[in-house]
Amino acid sequence: MLKWIAGGAAAFFAGRYLLRLQKASQTIVTRTSLKVNRVGLSGIELKASIRLQNPNPVALAIQFPFLNLTHKDVSIGSSTVKNETIQLSENSEKTFDMAIQSAGWLTLIQVLGADIVQKIRSGQKVSLDLLATTSTQINGIPYEQQESIKLTI
């Protein structure tokens with residue numbers, strides 16, 4: 001009988017811990033910011049900063065985030081993939097800085113239009129509405145968040 005009670009208690013606490021981890025992975029807050037690093041021959045190079053905030057009393061294991069930028073449902077740039085896991089302690093935040101190389105000029109012409117690309121290449125101010133999708137894994141649970149960003153080039 002004692003084995004059943006100990007097994008039931010262990011199952012209860014294990015289930016409670018797993019539920020807390022799942023809830024924690026759903027309450028993570030992501031903030032993304034972009035700025036133009038340079039406009040070159042191969043496209044636009046951006047600097048991205050992703051801030052992950054953990055408002056939970058549970059430490060989390062987070063895979064290095066991946067950022068994909070889209071305009072009108074077409075990808076125009078993404079970060080590199082890193083197979084790295086970072087520990088995010090309870091009630092804390094971590095900032096990830098990364099470089100994003102845009103798609104080539106031909107793809108940008110197809111997506112943005114020739115007149116906007118010409119303005120970018122000539123140095124005129126252009127404002128773009130982008131959708132930034134941050135993908136990662138938190139304690140082995142896939143996590144994805146989308147943010148609308150207005151980028152001025």
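The legends below describe close-up views of a predicted model. Residues are numbered from 1 along each chain as its sequence is written, and side-chain values use heavy atoms, with hydrogens and water left out. Local features need pLDDT of at least 70 and side-chain atom pairs count only at pLDDT 80 or more, whereas totals for chains, interfaces and linings use all residues.

**View 1. The largest nonpolar core and Leu 67.** This core, a set of buried Ala, Val, Leu, Ile, Met, Phe, Trp, Tyr and Cys residues joined through side-chain atoms within 4.5 Å, has 34 residues, and those with the most contacts inside it are Leu 34, Leu 67 and Leu 69. Strand 2 (residues 44-54) gives the most to the core, with five residues; strands (E, at least two residues) and helices (H or I, at least four) are DSSP runs numbered from the N terminus. Leaving aside residues up to four places away in sequence, Leu 67 touches, among others, Leu 34, Ala 48, Ile 50, Met 98 and Ile 100, where contact means heavy atoms within 4.5 Å.

**View 2. Ile 120 in helix 3.** Ile 120 lies in helix 3 (residues 114-122) and is buried, with a relative accessible area of 4%, buried meaning under 20% with a 1.4 Å probe and protein chains only. Beyond residues up to four places away in sequence, Ile 120 touches Val 39, Ile 44, Trp 105, Leu 112, Val 126 and Ile 153. The C-alpha atoms of Ile 120 and Ile 153, 33 residues apart along the chain, are separated by 6.8 Å.

Terms used
Buried means under 20% relative accessible area, exposed over 50%, partly exposed in between (1.4 Å probe, protein chains only).
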